[in-house]
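Please read the following points with the model open beside you.

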Amino acid sequence: MATTKQRELDLGQFPPGTVTEYNTFVCLACIFDIFTKQLRLAPRTAFSEIKRHTPTIDELTSRGALRPYFDSDEKSPHCPYCGSAKRWLARFDTFCIEGGKTTDAPRRELIRKLPKADDQFVVLEKKSDSRVVFFEWLDTLGLNLDLNDQAWLVEATRKYLERREPKTNWNEMFDGVRVVRHSSRLTEGWERDGARLFLAPHLYSEAILIQYLVSRSHAHGGMTHEGRLTLMDLIRKLRYSGYLKRAEITEQDPGEVFERVVDHLAATHDWSRVGSAGVNQKAAKKATKKTSKKRASKSKKTSKSKANLPEPEQIAAEPVKLYYLIDRRNFLDQLKRVYASYAS
Ligand SMILES: [Zn+2]
């Protein structure tokens with residue numbers, strides 16, 4: 001039998017933030033119960049039916065799982081439906097890989113190397129878009145941060161920068177960073193000064209936005225590097241920092257501005273492409289189809305200016321393909337063991 005170490009998938013080739021892992025438990029006692037009592041199948045038939053079973057993407061990734069599935073962070077989980085202990089439980093590990101330029105090659109390579117027998121791994125594909133992907137990323141980020149510990153603010157900024165600029169070694173850049181500040185000197189990029197990391201205004205604004213989005217349901221208003229902000233405070237800061245102008249957001253109503261700002265953040269899923277003018281113009285052309293002539297000509301002007309990093313275009317979300325790699329090995333092992341004790 002393989003050790004746990006050998007069984008772990010190597011996901012090191014994927015840029016940070018492009019793979020989301022989900023763990024879902026399934027209770028084999030419950031599943032056997034459903035197949036033998038409700039569907040009245042003989043144990044042996046039930047076994048071969050269950051063996052072929054792969055939960056749906058929704059069942060594997062939703063935050064509120066239904067019987068016989070459940071989520072648990074405990075070391076020795078119990079089935080919440082029938083109370084069965086660990087030996088009756090199996091785990092599905094699901095890795096959602098965002099399709100795209102930076103992930104296509106490592107994904108193909110990873111899948112090529114996986115064992116094929118018994119459907120130990122199953123890959124399901126789903127069409128999605130950058131908006132859905134962005135909110136899923138935000139949701140996962142929020143779940144993995146301890147919002148009661150101030151350090152989460154710096155951590156959230158790091159996660160955002162990892163996603164936006166995957167080519168930079170952010171572990172190194174953030175080593176020893178205690179404060180993240182807005183730079184009044186830089187127009188692009190970032191710089192370290194001791195324990196402080198300075199970000200160009202638009203990057204800093206987006207970091208604040210991410211923090212606001214992550215914490216607004218936790219706190220009254222959102223917690224950010226700028227302290228606790230209401231929506232009005234946030235919009236005011238984004239306006240003064242020049243972020244709204246840069247993103248070509250001209251609305252006045254705070255609710256509308258906020259919606260546009262979120263659209264803007266969510267419109268491009270692969271931020272690494274934003275830096276290359278050719279790709280961006282193509283993307284902008286595609287995205288501006290729905291926008292007015294006035295805005296289209298404006299964005300053309302923006303991408304011409306070399307001093308400005310072209311911004312992702314707003315409104316239209318980009319299509320993104322998601323690949324769900326489902327690891328069924330634990331499920332198959334546990335199922336065989338449970339069936340052996342069931343049949344004896
Ligand atoms: Zn159960």
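1. Terms for exposure. Buried means under 20% relative accessible area, exposed means over 50%, and partly exposed lies in between, for a 1.4 Å probe and protein chains only. Helices (H or I, at least four residues) and strands (E, at least two) are DSSP runs, numbered from the N terminus.

2. Basis of the values. This is a predicted model, in which local features need pLDDT of at least 70 and side-chain atom pairs count only at pLDDT 80 or more, while totals for chains, interfaces and linings use all residues. Residues are numbered from 1 along each chain as its sequence is written, and side-chain values use heavy atoms, with hydrogens and water left out.

3. The chain as a whole. The chain has 15 helices and 10 strands. Of its 344 residues, 46% are buried. Contact here means heavy atoms within 4.5 Å. Among contacts with a separation of 6 or more, 67% are between residues 24 or more positions apart.

4. In helix α5 (residues 104-113) the buried residues are Pro106, Arg107 and Leu110. They lie on the same side of α5, because the arc they cover around the axis is only 100°; the arc is that of the directions from the helix axis to the C-beta atoms. Ala105, Arg108 and Arg112 are exposed on the other side of α5. The packing partners of the buried residues of α5 are β3 (89-98) and β10 (319-327).

5. Aspartate 118 is in the loop between α5 and β4 (121-129). Its phi is positive, about 60°, although aspartate 118 is not a glycine. Aspartate 119 is found in the loop between α5 and β4, and has a positive phi near 50°, again in a residue other than glycine. Aspartate 118 counts as partly exposed at 43% relative accessibility, and aspartate 119 counts as partly exposed at 47%.

6. Helix α2. This helix (residues 28-38) is mostly covered, with 8 of its 11 residues buried. The buried residues in α2 are Leu28, Ala29, Cys30, Ile31, Phe32, Ile34, Phe35 and Thr36. Arginine 40 follows α2 and has a positive phi, near 55°.

7. How α7 meets α9. Two packed helices are described by the angle between their axes and the distance between the axes. Axes are lines fitted to C-alpha atoms, for helices over the stretch in contact, and angles run from 0 to 180 degrees between N-to-C directions. Helix α7 (residues 152-164) and helix α9 (residues 201-215) have axes that come within 9 Å and cross at roughly 120°. α7 is therefore oblique to α9; angles under 35 degrees count as roughly parallel, over 145 as roughly antiparallel, 65 to 115 as roughly perpendicular and the rest as oblique. On the α7 side the contact includes Trp152, Tyr160 and Arg164, and on the α9 side it includes His202, Glu206 and Ile210. By class, the contact of α7 with α9 has 9 nonpolar, 4 polar and 2 charged residues. Here Ala, Val, Leu, Ile, Met, Phe, Trp, Tyr, Cys and Pro count as nonpolar, Asp, Glu, Lys and Arg as charged, and the others, Gly among them, as polar.

8. How α6 meets α9. Helix α6 (residues 130-144) packs with α9 at an angle of about 70°, and their axes are 9 Å apart. The two helices are therefore roughly perpendicular to each other. Phe134, Trp137, Leu138, Leu141 and Gly142 of α6 make the contact with Ile210, Leu213 and Val214 of α9.

9. Which residues does glutamate 162 touch, leaving aside its neighbours within four places in sequence? They are Pro16, Trp170 and Asn171. Glutamate 162 lies in helix α7 and is buried, with a relative accessible area of 10%.

10. Two loop sites. Arginine 185, in the loop between β5 (179-182) and β6 (190-193), is exposed at a relative accessible area of 61%. Its C-alpha atom is separated by 9.1 Å from that of proline 201, 16 residues apart along the chain. Proline 68 lies in the loop between α4 (57-61) and β2 (69-70), and the peptide bond from arginine 67 to proline 68 is cis, with omega near 5°.
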